[in-house]
Amino acid sequence: MASTIRCDIVSAEEEIFHGDAQMIIATGEMGELGIAPRHAPLITRLKPGQVRVLLENGEEQFFYVSGGILEVQPSVVTVLTDTAIRAKDLDESAARKAKEEAERALANRSDAIEMAQAQAQLAQAMAQLQALEKLRRSLKH
Amino acid sequence: MAGAREIRTKIKSVNNTRKVTRALEMVSASKIRKAQDLMKASRPYARMMRQVIGHLAHANPEYKHPFLVERESIKRVGYVIISTDRGLCGGLNTNLFRKLVGEMRAWQDQGVEVDLVCIGQKAAQFFRRLKVNLVGTVTHLGEKPQIAELIGVIKVMLDAYTAGRIDRLQLAYSDFVNTMTQRATVDQLLPLPPSSDLDSPHAWDYLYEPNAETVLEHVLTRYIESLVYQAVLENLASEHAARMVAMKAASDNATKAIDSLTLVYNKARQAAITQEISEIVGGAAAV
């Protein structure tokens, strides 16, 4: 079985593909890569694009990856894909958004929603107390 | 019979409450399964990541990435806190927060400041009341959290770590042990604690494209993200488990309350009938 290589494609959210392949073709950061069995150990980042897996029976499977890492070991190829579309400025803006969210949360400490929540809870407690009071009175006589 | 009617109304209202808690219990029970499936699905990625990092660390021991190096003095600590968005899940969040408040106080006593990132509404609400530095928040991840939504908050912390603003990063979440048990857990994210997986013996080196540093940096960042993502999933499973248990207890209590109210109601009814009879008998005797 020297003519196939095990291939795992996984993302953080799920396992995408798992099986034996004749060849794996992916877009690495430095260019197109075709991994055949007995390829030298290699690790590279992937560009967004297709990963093609040539199966044992000659069938081809396509996977779209939005970046990730390709790792080649003597007996196994692992593709760790990103699920999200990643770019430096996109990441930056996500980070900024998280910060703004925190600032917004800090700015309105006496949040209207929180106030409403507390009031609703208070009203509920009062109603319960009244009900209990009534019950107690009705039990006395 | 005025008292009897009030009791009847009360019984009806408790009954309605029980319907709601039953429904919530059922919903949570089914959601636990889904959350566990998600947890399982995310495991291979983290496992592969660990292997890759292990190989990398083994292949070039001379290069130490800042994420792997323990810093000598700690001046500021970062926390990534994962909580639920909604309540009605027993003491799940409270247990975690209590543990955290204790830890933070310990840090502050040592003169170490604390930075926080909150994932989930409850943590955001709780920690903004405390005197801590909240640097990032993300809420409402829903039933199927996606890693894309977490990138922002994680990057805030990773940047802070790289820039030296924080010297350690901790991850706090409720670990799903089983349906009955959820453990408030605080793990160290950065510097990455050395694990047995990190030095598996392998006798080859990779070809790196473009070079070892960039690849390692990339892998480590993704690894941290996947750890946080997994913790979010653990927390989600814990939330549903805790809610199911809490709602079951609430339903049982409602049943008990209904039973005792029914007893009171029957007594009141009997008392009224007895009184009526004795009044009639008394009236008849008087005639």
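R45(A) lies in strand β4 of chain A, residues 42-55. Strands (E, at least two residues) and helices (H or I, at least four) are DSSP runs numbered from the N terminus. The model is predicted: local features need pLDDT of at least 70, side-chain atom pairs count only at pLDDT 80 or more, and totals for chains, interfaces and linings use all residues. Residues are numbered from 1 along each chain, chains are lettered from A, and side-chain values use heavy atoms, without hydrogens and water.

**Exercise 1.** Find which residues R45(A) touches, not counting those up to four places away in sequence.

*Solution.* Contact means heavy atoms within 4.5 Å. In chain A, R45(A) touches G28(A), E29(A), G68(A) and I69(A). In chain B, R45(A) touches E209(B), T214(B) and H218(B). The side chains of R45(A) and H218(B) also make a polar contact of 3.4 Å. That term means N or O atoms within 3.5 Å; within protein, one must be able to donate a hydrogen and the other to accept it, and sequence neighbours count only if both atoms are side-chain atoms.

**Exercise 2.** Find how β4(A) joins β6(B).

*Solution.* Strands pair if DSSP finds at least two bridges between them. Here there are three, and the strands run parallel. β6(B) spans residues 207-209. T44(A) stands opposite E209(B).

**Exercise 3.** Find the salt bridge between chain A and chain B.

*Solution.* The rule asks for a side-chain nitrogen of Lys or Arg within 4 Å of a carboxyl oxygen of Asp or Glu. The count is one. D82(A) pairs with R222(B), their closest N and O atoms 2.7 Å apart.
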